Amino acid sequence: MSKNDKSVMYGILVILVAVVGIGAYAMMTQPDTRSAGEHIGDAVSALDEGVDDAARQLEDRTPAERMADEYEDATDGSPE
């Protein structure tokens, strides 16, 4: 490969990574579009995890916030 071919490949790679990064950011920060019934259904299904988790389901949160809560719940050191 010539030097010019490598620079074109790296340029395409940088553009591809930027597009994927921007898309992921946009997806993770989109507003919560669940209906009131879906909020309540999620809260009812989360009751076995605790009242705090169920109450969190009633709030409007971005997908990134919801993932952070799930990660926190998974790593809190409880035996479950």
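A salt bridge is counted here when a side-chain nitrogen of Lys or Arg lies within 4 Å of a carboxyl oxygen of Asp or Glu, and by this rule the count comes to 6 salt bridges. Side chains of opposite charge can pair when their charged atoms come close.

The model is predicted, so local features need pLDDT of at least 70 and side-chain atom pairs count only at pLDDT 80 or more, whereas totals for chains, interfaces and linings use all residues. Residues are numbered from 1 along each chain as its sequence is written, and side-chain values use heavy atoms, with hydrogens and water left out.

**Confidence**

The pLDDT, which is the predictor's confidence in each residue on a scale from 0 to 100, averages 86 over the protein, and 94% of the residues score at least 70. Confidence is highest in helix 1 (residues 3–28), at 93, and lowest in helix 4, at a mean of 83; helices here are DSSP runs (H or I, at least four residues), numbered from the N terminus.

| Salt bridge | Closest N and O atoms |
|---|---|
| Arg 56 with Asp 53 | 1.9 Å |
| Arg 56 with Asp 69 | 3.3 Å |
| Arg 61 with Asp 69 | 2.1 Å |

Arg 56 and Asp 53 both belong to helix 3 (residues 51–56), where they stand 3 residues apart, about one turn of the helix. Arg 56 has a relative accessible area of 19% and Asp 53 has 10% relative accessibility, so each of them counts as buried (under 20% relative accessible area, with exposed meaning over 50% and partly exposed in between, for a 1.4 Å probe and protein chains only).

Elsewhere, salt bridges that share partners join Asp 32, Arg 34, Asp 42 and Arg 66 into one network.

**Gln 57**

Gln 57 lies in the loop between helix 3 and helix 4, and this residue is buried, with a relative accessible area of 10%. Leaving aside neighbours within four places in sequence, Gln 57 is in contact with Arg 34, His 39, Asp 42, Ala 43, Ala 46, Arg 66 and Glu 70, where contact means heavy atoms within 4.5 Å.

Technical notes:
Helix = DSSP H or I, 4+ residues; strand = E, 2+ residues; numbered from the N terminus.
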